[in-house]
Amino acid sequence: MAEKPQLVNNSPEDVETDECMSTYTHIHRDLFLCVCSDQVAFITGGGSGIGFRIAEVLMRHGCDTVIASRHLEKLAEAAKKLTSTTGRRCLTIAMDVRQPEMISAAMDEALKTFGRVDILINNAAGNFLCPATSLSFNAFKTVMEIDTMGTFNTSKVIYDKWFKDHGGSIVNISATLGYRGQALQVHAGSAKAANDAMTRHLAVCQYTFFFFNITGFSGGSHSESAGVFRSIPVQRAGNKTEIAHAVLFLASRAASYVTGAILVADGGAWLTSANDVERLLGIVSSRSAKL
């Protein structure tokens, strides 16, 4: 009997914690160093998780960054790591994407420091697992305000203050939750579906800059050990660096003829993964038991 061929794991370097990678292999180094060098990226939710890795990868390719969130101490710690590793500048700003006046002040500070902003990464988000029957009105509203209103607020402020006259790129970090009914995710799925639509509408309304949406799956080692990756066509979990590489392409001038696009970077997970309600309810129960 012929043996089943072994799939090669060609995922790039990554670490699960909010630390910079000890080693990194540039993807098309000369191309992206050329198209990203000395640009400035404004990243919401840039102090941790996927936002942190996006900041690192962009900085490794020559960008300076502005990382913004509500937690200034976490941002300061992240900026120290990012600057030390990449040699690029990183400005930290305490900001709530639900408050347009805070975004406006943050953008003023970014322009005062760098004199320009070329790329906006709308990465700030709020999410949790919860059955719709247990979801409060306020909980649903909060996720919509952070994910959807936050994306619109930040995009509008930065457009009015800079992109309208100078152009730029906006990348919205999303999820495939809205592609089909997903257990325990009516709040986040609704917000991400709205962001998908917003990306297309704004791309049609504004012609001087580019809108993109990235949806991804970054499961990490926990998902691998739980066997979740077995239902994914590429047979492994994704990592944060892979999402950051998708952002790198779309935010660079290499994607200059792309706008209003939604790029799914999830290894094909949304095409094949089961809507495992029992497993998800088990996750909720285990988390509740720890509270």
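A search of the whole structure, which is a predicted model, finds 1 aromatic pair. Its members are Tyr-179 and Trp-270, arranged edge-to-face.

**Aromatic pair**

- A pair of aromatic rings is described by the distance of the centres and the angle of the planes.
- For Tyr-179 and Trp-270, the separation is 4.9 Å centre to centre, with 90° between the planes.
- Tyr-179 belongs to the loop between strand S5 (168–174) and helix H6 (186–205), while Trp-270 belongs to helix H9 (residues 269–272), so the pair ties together parts that are 91 residues apart in sequence.
- Tyr-179 counts as partly exposed because its relative accessibility is 28%.
- Trp-270 also counts as partly exposed, at 33% relative accessibility.

**Burial of strand S1**

- Strand S1 spans residues 40–44 and is mostly covered, with 5 of its 5 residues buried.
- In a regular strand, side chains alternate between the two faces of the sheet.
- Both faces of S1 are covered: one side carries Val-40, Phe-42 and Thr-44, the other Ala-41 and Ile-43, and all are buried.

**Strand pairing around S1**

- S1 runs parallel to strand S2 (residues 64–69), and 5 bridges join the two strands.
- Within this pairing, Ala-41 stands opposite Thr-65 in S2.
- Between S1 and S2 the chain passes through helix H2 (residues 49–60), forming a right-handed β-α-β crossover.
- S1 also pairs with strand S4 (residues 119–122) in the parallel sense, over 3 bridges.
- Leu-120 in S4 is the bridge partner of Phe-42.

Note on methods. Residues numbered from 1 in each chain as written. Predicted model: local features only at pLDDT ≥ 70, side-chain atom pairs only at ≥ 80, totals over all residues. Heavy atoms only, no water. Buried < 20%, exposed > 50% of the residue type's maximum accessible area, 1.4 Å probe, protein only. Helix = DSSP H or I, 4+ residues; strand = E, 2+ residues; numbered from the N terminus. Pairing = 2+ DSSP bridges. Right-handed = clockwise from strand over helix to strand, strands pointing away. Phe/Tyr/Trp six-rings, centres within 6.5 Å; stacked < 30°, edge-to-face > 60°.
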